[in-house]
Amino acid sequence: MIIQQPPDAKLPEHLYSNSNIGHYQNPFASSEDRLTSADNHSYPPPRASSIADSESPPAYAEQQAQPSASTSALASDSATVVGSNQSKRAKRRRRLRVMAGSILCVYVTSSAILLGLFFTGHLGKRSSSVRRPTNGFFQPDLPPGYRPPGAPVGDGYATMCNIWMSEKTSSSKSNVQPERTDYLQYTLAPNVTTTSTLQLFIRAGDYAAASGTLIVISDSTITVPIIDVTMKYRNAYAKDDTNVCLMRTPDKVGLGIYSSNSTAAEHPSFDLALHLPSGIFVDELSTNLAFFTQNIGSQSRNVTAKNVVAQTSFSTIWGHFTTSESLTLQTSQAAINVNVSLVRLSDDSKPVALSLTTENAIVQSAVTVSTTTNNTCEDPSVSDFTIYAQSANAPVSLTVLHTPDSSAAKIDLVATSSYAPVVVSLDPLFEGTFSLSSGIGADFDEDNSIPDPSGRGRQRQYLITEHTASELEGTASWIPNDPFLRLGSANLSTQHAKAILYMKKKCTGSSCPDLNAMNLPDP
């Protein structure tokens with residue numbers, strides 16, 4: 001039986017579904033409509049009315065229901081493929097979101113840490129667990145407890161390094177790299193007062209083979225200690241390998257010059273100028289500069305410190321010093337040429353000590369001693385002053401005088417050399433034993449006509465107890481002796497030259513040498 005489809009009938013809706021593969025056309029459409037649809041690829045065509053609204057008989061509907069099952073299966077498979085692709089894309093999106101979140105978390109955390117370190121360093125706030133002085137100032141980019149390469153533990157930690165303020169280049173020949181000059185200035189103790197205990201040090205590290213000069217100046221125009229540093233170099237690598245730092249320990253502050261490269265072909269040179277306020281009491285000043293010439297106090301005529309330790313190896317130490325506790329000057333291959341004032345301020349059981357040592361150069365010093373202590377209250381075995389001078393292959397020359405207002409002091413002196421003369425001069429206030437030892441002879445030059453410096457009419461007496469070709473021993477005193485006589489000692493020794501001891505009259509008034517006015521020869 002043939003069922004005639006009405007001309008305006010339409011196909012079922014499932015044939016226009018997007019899930020179907022291929023291009024479906026209405027078989028009942030006119031040939032013109034089919035051509036237009038095929039040319040324009042306008043599929044699916046407009047939505048048709050449902051089969052329930054169609055005027056076709058039920059038999060047609062039953063026939064059309066048979067291909068619906070296969071079409072639905074095809075649509076179901078396509079939906080499964082699309083769902084699987086969507087699931088994969090969703091998983092990828094989730095993984096990307098997790099990775100982006102992790103990266104963002106790491107970025108935010110690291111940024112917070114870096115910003116915290118920057119701002120705490122910039123504001124000078126440090127962790128309370130790190131021991132930091134409260135009166136200093138700090139370089140923002142240095143971490144707490146920073147120690148430059150080559151710096152020993154005893155020098156503490158750095159608060160500022162390499163704050164160079166200017167750079168200049170000097171002219172030179174075309175075949176020589178020009179010399180550059182950098183400059184910086186550190187304030188060693190910004191909040192120091194007249195009642196502060198100031199302990200300063202200047203040190204060049206073991207690997208910093210830098211050379212130069214150190215000048216220590218007493219300056220009445222400043223109120224805090226300042227150090228000026230000028231660095232001269234030709235190789236930029238030498239500068240980059242050298243750290244010039246403001247260093248602090250729990251009780252000291254100072255300047256450190258350090259390098260981690262001990263085999264560098266070239267090392268920079270430095271000019272250091274330490275300015276000390278005139279009204280500030282320096283409890284301790286120590287230097288350890290192997291290749292630096294040290295000029296302490298000669299320009300300002302005097303530098304006063306309770307304790308002074310100046311060490312070098314291949315450069316001269318010279319200057320004017322005043323100390324009330326100890327002065328130690330040590331070098332090995334250079335001269336020591338100094339004027340020293342030793343002052344004893346109290347009845348302390350510890351004597352004021354002076355030590356001058358070198359090996360292959362001259363030791364020359366003029367020393368004045370001053371004490372106002374009551375000798376009757378002193379332990380006879382305790383010295384007021386101890387003086388030690390030593391060289392190996394060069395002369396030793398010492399002159400020791402009391403100041404006009406000083407009482408007689410107990411002085412214990414030792415001067416030694418090996419292949420050069422030892423010459424010592426003591427003023428008449430010295431009383432004690434003397435011993436001269438020499439491989440080629442000892443000379444003793446005395447003056448019995450010296451008037452009594454105390455004004456009591458006593459007589460000067462020299463008692464020689466032993467006199468041989470190489471030894472001379474004796475005692476110098478005033479007769480009658482004081483009831484509380486405190487005898488000092490003077491021991492001179494050399495092997496291949498003469499030992500000479502002079503005892504002359506005491507200087508008075510203008511005849512006393514002004515050590516601060518004495519011109520020292522250039523090193």
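Modeller: Happy to! Buried means under 20% relative accessible area, exposed over 50%, and partly exposed in between (1.4 Å probe, protein chains only). This is a predicted model, where local features need pLDDT of at least 70, side-chain atom pairs count only at pLDDT 80 or more, and totals for chains, interfaces and linings use all residues. Residues are numbered from 1 along each chain as its sequence is written, and side-chain values use heavy atoms, leaving out hydrogens and water.

Colleague: Why does Tyr-107 count as exposed?

Modeller: Tyr-107 has 55% relative accessibility, and the label needs over 50%, so Tyr-107 counts as exposed.

Colleague: And why is Ser-326 called buried?

Modeller: Its relative accessible area is 17%; the limit is under 20%, so Ser-326 is buried.

Colleague: What makes Asp-384 and Arg-344 a salt bridge?

Modeller: A salt bridge is a side-chain nitrogen of Lys or Arg within 4 Å of a carboxyl oxygen of Asp or Glu. Here the N to O distance is 2.3 Å, so the pair meets the rule. Asp-384 lies in the loop between strand 16 (363-371) and strand 17 (385-390) and Arg-344 in strand 14 (residues 336-344), so the pair ties together parts 40 residues apart in sequence. Helices (H or I, at least four residues) and strands (E, at least two) are DSSP runs, numbered from the N terminus.

Colleague: Are these two partners buried or exposed?

Modeller: Asp-384 counts as buried at 0% relative accessibility, and Arg-344 counts as buried at 3%.
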